[in-house]
Amino acid sequence: MTFALRAMLLSSVVLLSQPVLADPFSMTTPIPEEILTPESVDTRLGTLQFNDGVPTAETAQKVWDQLDFSRGIEAFLNGIPGASMVAIRTGLREVGAEKSTIGVFETLMDSKSLFLTANTETIYFWNWMDLKDGPVVVESPPGILGVVDDFWFRYVTDLGNAGPDKGKGGKYLFVPPGWKGEKPEGYFVFESPTFGNLLFGRAFMKDGDPAPGVASLKKNLRVYPYDKKDAPPETTFLDLSGQAMNTVHANNMKFFEEVNQIIQEEPAGAYGPDMTGIFSAIGMEKGKPFAPDERMTKILTDAWPSAMRRRAPSISGRATRKS
């Protein structure tokens with residue numbers, strides 16, 4: 001039971017337990033009517049019943065169910081960035097675009113590849129970058145628009161025209177959370193809050209031809225472990241054009257399983273204390289299995305469609321996301 005609910009119920013008990021005196025003593029404090037708990041209250045949950053300010057067992061269950069329903073909605077709305085990133089990672093891993101392998105849409109994208117907010121007129125490149133084994137170097141080509149986001153889809157840095165290399169190209173060093181090592185000269189150094197990170201961006205066509213942009217990526221874009229900087233492994237490239245791959249998060253109970261992947265893999269509290277508490281309240285806690293019982297499964301199954309209705313007005317706004 002939350003502190004606020006306990007306080008409300010306790011105050012209700014105290015207030016309603018005071019005897020009604022025909023001739024109150026001089027020290028008796030008048031109790032305003034508006035702060036008392038009535039015997040019944042009609043709400044969107046139905047009628048809530050109280051005995052001397054104490055909720056009946058049926059009322060208490062209704063309130064608990066509503067609290068978990070609200071938490072499920074919050075978990076869905078705030079978990080969308082992370083679930084989306086899990087789906088992207090799944091898609092990139094299935095085609096092999098991770099570590100020192102970069103996926104490039106060499107002849108642009110078509111409807112076979114399922115991405116949020118992407119278009120069919122851009123030379124996209126994609127790579128899943130994992131810092132669990134240590135820092136990673138990214139050599140950025142000149143004249144691109146690139147970005148690195150952490151596992152919760154939070155901004156880490158731009159690369160290229162909008163980045164610190166100002167479109168001239170340069171070496172970036174990405175270090176894991178809590179890293180205490182050196183910050184060598186000659187690199188743009190960034191510490192990510194999470195081990196998992198997405199490297200993606202776009203090169204540009206020349207006179208409607210994607211080939212020059214693709215050639216520049218293959219010539220200049222490199223990803224490799226920092227501890228192998230003296231003899232870096234070869235960066236390889238995959239042509240993703242025409243490949244059937246899904247990078248869109250689920251819209252059913254699987255959504256919560258996607259979010260739980262991040263909770264289990266990343267440092268505890270990486271998404272902040274507020275959301276850590278919300279996730280924990282519905283059974284997603286680092287180091288523990290996510291195994292909702294029948295009651296919680298029904299509540300969460302009801303929660304995500306409600307969350308989608310609340311999210312609907314802002315969906316079009318996501319089209320402005322860097323992609």
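The model is predicted, so local features need pLDDT of at least 70 and side-chain atom pairs count only at pLDDT 80 or more, while totals for chains, interfaces and linings use all residues. Residues are numbered from 1 along each chain as its sequence is written, and side-chain values use heavy atoms, with hydrogens and water left out.

- Helices (H or I, at least four residues) and strands (E, at least two) are DSSP runs, numbered from the N terminus.
- Three strands make an open sheet in the order β1-β2-β3, with antiparallel pairing; strands pair if DSSP finds at least two bridges between them.
- β1 and β3 sit at the edges with a single partner strand each, so one side of each has no neighbour in the sheet.
- β1 (residues 40-43) and β2 (residues 46-51) share 4 bridges, and a hairpin with 2 residues links them.
- Within that pair, Ser40 stands opposite Gln49, and Thr43 stands opposite Gly46.
- β2 also pairs with β3 (residues 54-55), this time over 2 bridges.
- The hairpin of β2 and β3 has 2 residues between the strands, and Asp52 there takes a positive phi near 55°.

- α2 lies across β2 and β3, running at about 130° to β2. Axes are lines fitted to C-alpha atoms (for helices, over the stretch in contact), and angles run from 0 to 180 degrees between N-to-C directions.
- Two packed helices are described by the angle between their axes and the distance between the axes.
- For α2 (residues 57-95) and α4 (residues 254-265), the angle is about 75° and the axes are 8 Å apart.
- That makes α2 roughly perpendicular to α4 (65 to 115 degrees counts as roughly perpendicular, under 35 as roughly parallel, over 145 as roughly antiparallel and the rest as oblique).
- Residues of α2 that meet α4 include Gly72, Phe76, Ile80 and Arg89, and their partners in α4 include Phe255, Phe256 and Glu265. Contact means heavy atoms within 4.5 Å.
- By class, this contact has 9 nonpolar, 4 polar and 3 charged residues. Here Ala, Val, Leu, Ile, Met, Phe, Trp, Tyr, Cys and Pro count as nonpolar, Asp, Glu, Lys and Arg as charged, and the others, Gly among them, as polar.

**The nonpolar cores**

- A nonpolar core is a set of buried Ala, Val, Leu, Ile, Met, Phe, Trp, Tyr and Cys residues joined through side-chain atoms within 4.5 Å.
- The largest one has 44 residues, and Trp126, Phe256 and Phe279 have the most contacts inside it.
- α2 gives this core its largest share, 11 residues.
- Setting aside neighbours within four places in sequence, Trp126 touches residues including Ile88, Leu92, Phe115 and Leu240.
- A second, separate core of 22 residues includes Ile123, Phe125, Phe174 and Val223.

**Two loop residues with positive phi**

- Leu108 is in the loop between β4 (101-104) and β5 (113-114). Its phi is near 75°, a positive value in a residue other than glycine.
- Leu108 counts as buried because its relative accessibility is 15%. Buried means under 20% relative accessible area, exposed over 50%, and partly exposed in between (1.4 Å probe, protein chains only).
- Phe153 is in the loop between β8 (145-150) and β9 (155-160), and has a positive phi near 65°.
- At 16% relative accessibility, Phe153 counts as buried too.
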